[in-house]
Amino acid sequence: MGKYLVKRLAASLLTAFLASMLVFLLVRLVPGDVVAQMMGQAGGETAANALREFFGLDQPIYMQYLAWLMKVLQGDLGVSWTRGMPVTTMIGQAFLVTLEIGLLTLLVATIIGVPLGILAGIYEGRPLDTAIQSFNILGLAAPVFWVGLMLLVAVSSLFSWSPPLRYVPPTRSLGDNLAILALPILSLGLLQVAAYSQFVRQNVVSALHQEYVRTAIAKGVPVRIIFFKHILRNVLIPIITFMGLILIQILGGVVIIESLFALPGLGRLLLTAIETRDYPVLQGALLIVVVAAMVVNLLVDLAYRLIDPRVRVS
Amino acid sequence: MLCALPALPAFAQSEGLYGPVAENAVRGGRLNMGLLVEPPGLDPFHQAADARIRITVLVYQGLFYESPSGEAVPLLAESYEVSDDNLVYTIKLRQGVKFHNGAEMTAEDVAYSYNYIRNPENGSPGAGDFSMISDIKAVDPTTVEITLSEPNASLPMTLGNKYGAVVPAGYFDDEAAKNLMNSESVGTGPFKLVEFVPNSHIVLDRNEDYWEEGAPYLDGIDFAILPNSASMLVALRNQRVDLVALTRPQDVQQVQQVEGLEIERWPSLGQASVDLGSETKPLDDVRVRQAISLAVDKEEVMKASIGDFGQVLGTIPAGLQERWGLPLDQVPMQGPDIEAAKKLLEEAGLGNGFTLTLTTINGYDWMDPAAVTLREQLAKIGVTVDIQRVDLGVWINNFRSSQMGFTFNDWASQPDPNLLFYRHFHKKPEGADFRNWNNDEASALLDEGRATSNPEERREIYNKFQTILAETVPTIMLFSPDHITVRSQRVQNYVQHPTGWYYGLARAYLSD
Amino acid sequence: MAQYQNVATPENGSRKEPHLQPLLLRMARREPGLLLGLVLLVFIFLVALFPGLFTQASPYAVDVNAAMMPPSAGHWFGTDDTGRDLFARVVYGTRITLAICGGSLLISAFFGGLLGLVSGFLGGWVDQALGRLVDVLLSFPPIILGVIITGVLGPATVNLILALSIVYVPVFFRIARAGTLSEKDKTYVEAARSIGISEPTILRRHVTRNVMPLILTQYMILFPLILQIQAALGFLGLGVQPPTPDWGAILEQGKDYILYAPWMSLFPGLAVLLAALSLMLVGRALQRRIDQR
């Protein structure tokens with residue numbers, strides 16, 4: 001296990017390193033840097049060059065990369081070029097917001113999606129199954145941001161209510177915090193509930209079709225026992241794997257939901273950083289996204305191994 | 001002998017500053033303002049973006065205030081005198097002004113701040129505006145002397161609040177200071193910065209030591225940053241914000257029916273225009289540019305872009321028209337006149353039409369509908385328009401390297417014709433001549449206008465300039481979108497400045 | 001082989017059946033989802049191929065005086081902010097949207113598939129290097145990858161296609177590689193090798209043919225997802241150039257008028273939903289058959 005972990009970690013680190021290089025190159029290939037934006041239509045060349053020098057943009061790209069990498073290895077992601085704040089602080093604040101959205105969405109998706117999936121699986125082929133499946137496929141097909149937009153309008157016109165404007169962390173006021181996050185989580189959640197329940201249903205169905213389950217049913221073993229002993233156990237592992245997948249998906253979906261609902265999360269930080277060509281923030285935020293996705297994958301993998309000892313280190 | 005320009009009496013001055021003084025203002029309360037565009041930073045020295053200026057005018061102050069009518073009203077200055085040769089300005093400073101850090105403002109600070117910004121090595125986009133200054137020195141703690149290399153009537157306006165500000169001497173000695181102005185407040189303005197959380201909010205508190213008696217009225221302002229107008233309008237409707245300056249006038253329609261919201265329209269100094277860079281064939285031929293100008297129906301473009309919430313322009317933004325503009329009925333080459341346009345194209349040997357790429361900028365909402373409309377209009381004279389949308393950074397790069405081609409533009413200046421025209425249209429190297437217009441006659445007029453201080457003569461000169469501008473078409477000014485503010489009824493006495501900057505917040509108050 | 005092809009394009013099956021009616025009936029009973037999906041898909045393709053049949057209006061004609069009209073008999077979906085007929089824009093947008101998504105996905109299927117085949121077949125350092133590259137791409141959530149690429153390259157149709165193509169290359173790569181690995185040691189490949197058929201030929205003739213169905217199924221499964229990513233990028237303003245009536249672009253224009261003219265967002269969103277729905281229904285049926293084998 002320990003050896004496997006080390007190997008996995010090393011591979012992940014290498015991937016993160018390569019990803020950072022890719023991002024670093026990509027953002028610098030584009031015309032129009034932060035200095036151009038700061039100068040607007042007014043600035044002169046001397047002033048622009050002075051600023052480029054200040055940001056280190058006059059250096060060759062590989063030198064810029066090395067300098068950045070050195071700092072990253074010391075845990076320093078640099079200072080934002082447009083905000084003047086340490087990138088770690090900015091990402092820290094933003095990441096907490098995104099993490100909260102992600103975890104709450106995951107919670108909602110699990111609480112609603114898993115029972116729905118189990119119900120649909122047990123009643124395979126019956127009207128209830130059809131109804132749940134229809135809901136699932138609609139939820140999967142509807143664009144997340146569009147659902148959010150429609151929710152916003154519906155809630156605003158029906159109840160004359162809209163979320164508070166400024167994000168409040170749950171530690172300051174849980175009520176306000178939830179009021180702000182309710183709509184975003186609902187719109188992200190619809191998709192994930194659908195995905196979850198669809199996935200769980202498949203696993204329940206396939207478990208029900210297993211030979212030993214059929215035998216057990218035929219032998220008249222109580223349904224409760226079959227359910228807890230055979231089905232739930234069979235479904236648990238895939239559910240955990242799927243949680244990881246969903247978390248990563250939420251991490252992506254959050255970009256657009258955060259910009260729709262004006263939440264100061266990682267996704268929006270990323271978008272503004274692209275717009276303003278704030279390279280340190282962009283590089284830092286992407287690095288965190290990549291690392292977060294890797295950590296989730298790793299955790300899923302480990303959980304998988306812990307629950308099911310049959311999966312041996314390859 | 002010095003010819004003295006009398007300072008305005010103190011009372012009139014404070015009335016002119018920022019907006020009308022309220023008769024029976026209520027003190028206290030915090031105002032929630034919605035921001036549709038997040039400022040890319042709050043540094044008045046190194047950031048050119050308009051979204052930055054809108055807010056920093058409340059925190060930082062220059063020597064003069066640019067009044068809506070185009071006067072430079074003394075702000076941190078108290079009065080000034082100009083030498084006979086119009087080259088030396090002796091500026092008396094206001095006394096008892098304190099920085100947000102508690103230190104007293106002196107002539108040293110003023111000289112330091114303006115010397116910092118005018119040195120291009122320090123990387124300020126505003127440096128170019130100050131290039132006519134050859135020396136700034138503190139004569140005594142309350143007097144600053146500014147020497148020019150040549151006469152320039154718009155110096156006081158240049159010392160306004162767009163670029164730079166008075167900050168404590170030596171502030172930028174620390175290299176890191178270039179990055180600190182988003183978290184620190186070192187100005188002299190009516191409000192001080194408390195917090196700026198990117199993508200979320202900006203908090204300003206009242207400056208308790210502010211030098212104007214009784215101002216400002218508000219305890220503070222909370223700016224909520226909401227980047228899309230849909231969410232903003234929902235928030236307005238549900239009273240989550242008290243005040244918003246809309247970036248798209250047509251959004252008014254969406255809140256017009258809502259009770260308790262007051263909608264106001266204000267003239268603006270901004271302009272939506274089409275630029276025609278002469279480096280792009282066949283725009284190098286003046287007849288082609290004239291044909292395009294004649295083919296454009298500005299009214300229709302405006303209607304498609306912003307509805308009726310703006311004013312169609314001749315050769316100068318709406319806010320400057322009355323004082324400096326060429327009368328609209330005297331502007332040559334105005335369309336739509338398809339026949340005349342076609343004739344010009346035929347003369348230019350392009351009777352069979354040609355293809356042009358029109359550049360629009362990502363994020364400027366009016367440009368998309370305007371582009372679609374312009375495309376249809378130019379099709380009538382056989383010009384095929386391809387639309388290309390680019391990111392702001394890319395666009396600015398093209399613009400600054402004078403490779404703009406055929407593009408929409410959206411810009412504004414302080415209310416002064418020299419600051420508006422000189423840099424954009426004077427030939428190189430004195431001006432930037434972004435459109436490769438290279439017009440000697442117009443450049444000579446710009447030089448003359450800058451050196452002339454008599455308002456009547458100045459107007460005459462700029463009228464001549466505008467005639468040439470309209471005749472040879474380096475740009476087609478389309479319309480000025482009105483500033484539209486939507487406020488809840490409890491917001492009182494907010495006046496929107498024509499620049500779009502939020503000066504009015506220094507005079508606004510909340511009724512109970 | 002033949003059966004595989006049937007699976008890949010289920011419509012083909014109908015030609016071999018002597019009676020269409022019983023087939024449809026049977027399908028309606030056994031797989032109503034597939035039937036619904038197919039009907040919708042055929043309809044959508046008809047709209048994409050012959051937009052002129054469905055509307056007389058032009059998707060480009062601006063009429064400033066008829067801006068933001070609500071849905072009516074004259075304008076089924078209402079009009080947008082420049083007075084263009086939204087029904088016409090959604091109808092004409094079908095082809096553009098499907099072409100961009102389908103085309104991008106085809107590009108990624110081609111390159112991802114090809115690289116996967118080569119990687120799986122050659123193994124060794126090529127496999128290692130390509131695997132690492134794919135890992136790097138996979139480490140970004142798909143939509144974030146799309147946002148970075150279009151955000152960085154700037155909004156343009158070409159860049160959008162490029163971004164969308166890259167997003168799913170890793171998925172096709174993995175499918176093709178896994179398929180190749182499992183095929184390459186099979187007896188028929190060994191046999192071909194032993195009678196002296198060259199490696200490239202084996203790769204082309206045998207392995208490719210057996211991996212193809214996997215890729216096709218994956219294509220169908222990813223299509224609705226890429227449709228949503230494309231709409232999302234369009235919504236963020238990273239999509240096609242105006243005045244092209246792509247669904248994502250229409251949604252982006254509509255979002256600012258959501259209170260005043262909700263139809264500007266409602267209908268293009270529904271179009272995305274319907275297209276994704278039909279593709280999902282068909283894709284799932286395909287997947288089921290593959291799984292059953």
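## Exercises on helices and chain contacts

At 1.5 Å a residue, helix H14 (residues 263–292) of chain C, with its 30 residues, should span 44 Å, and its end C-alpha atoms lie 43 Å apart, which agrees. The expected span is 1.5 Å times one less than the number of residues. Of the 30 residues of H14(C), 22 are buried, which leaves the helix mostly covered; buried denotes 20 or more other C-beta atoms, placed from the backbone, within 10 Å of the residue's own.

The model is predicted: local features need pLDDT of at least 70 and side-chain atom pairs pLDDT 80 or more, while totals for chains, interfaces and linings use all residues. Residues are numbered from 1 along each chain as its sequence is written, and chains are lettered from A and ligands numbered from 1 in the order in which they are written.

**Exercise 1.** State how many helices and strands chain A has.

*Solution.* Chain A has twelve helices and zero strands; helices (H or I, at least four residues) and strands (E, at least two) are DSSP runs numbered from the N terminus. Of its 314 residues, 46% count as buried. The C-alpha atoms of chain A fill a box of roughly 85 × 60 × 35 Å along the principal axes.

**Exercise 2.** Describe how H1 and H4 of chain A pack.

*Solution.* Step 1: the axes of H1 (residues 2–28) and H4 (residues 61–73) of chain A are 11 Å apart, at an angle of about 135 degrees. Axes are lines fitted to C-alpha atoms over the stretch in contact, and angles run from 0 to 180 degrees between N-to-C directions.
Step 1: the contact (C-beta atoms, placed from the backbone, within 7 Å) involves A:Met21, A:Phe24, A:Leu25 and A:Arg28 of H1(A) with A:Ile61, A:Tyr65 and A:Trp68 of H4(A).
Step 2: six of these residues are nonpolar, none is polar and one is charged. Ala, Val, Leu, Ile, Met, Phe, Trp, Tyr, Cys and Pro count as nonpolar, Asp, Glu, Lys and Arg as charged, and the others, Gly among them, as polar.

**Exercise 3.** Characterise the side of chain A that touches chain C.

*Solution.* Chain A contributes 31 residues and chain C 33. H10(A) provides the largest share of the chain A side, eight residues. That side divides into 26 nonpolar, five polar and no charged residues.

**Exercise 4.** Characterise the side of chain A that touches chain B.

*Solution.* Chain A contributes 42 residues and chain B 49. H3(A) gives the most to the chain A side, with five residues. The division there is 22 nonpolar, 15 polar and five charged.

Technical notes. Buried ≥ 20, exposed ≤ 12 C-beta atoms within 10 Å, placed from the backbone. Contact = placed C-beta atoms within 7 Å.
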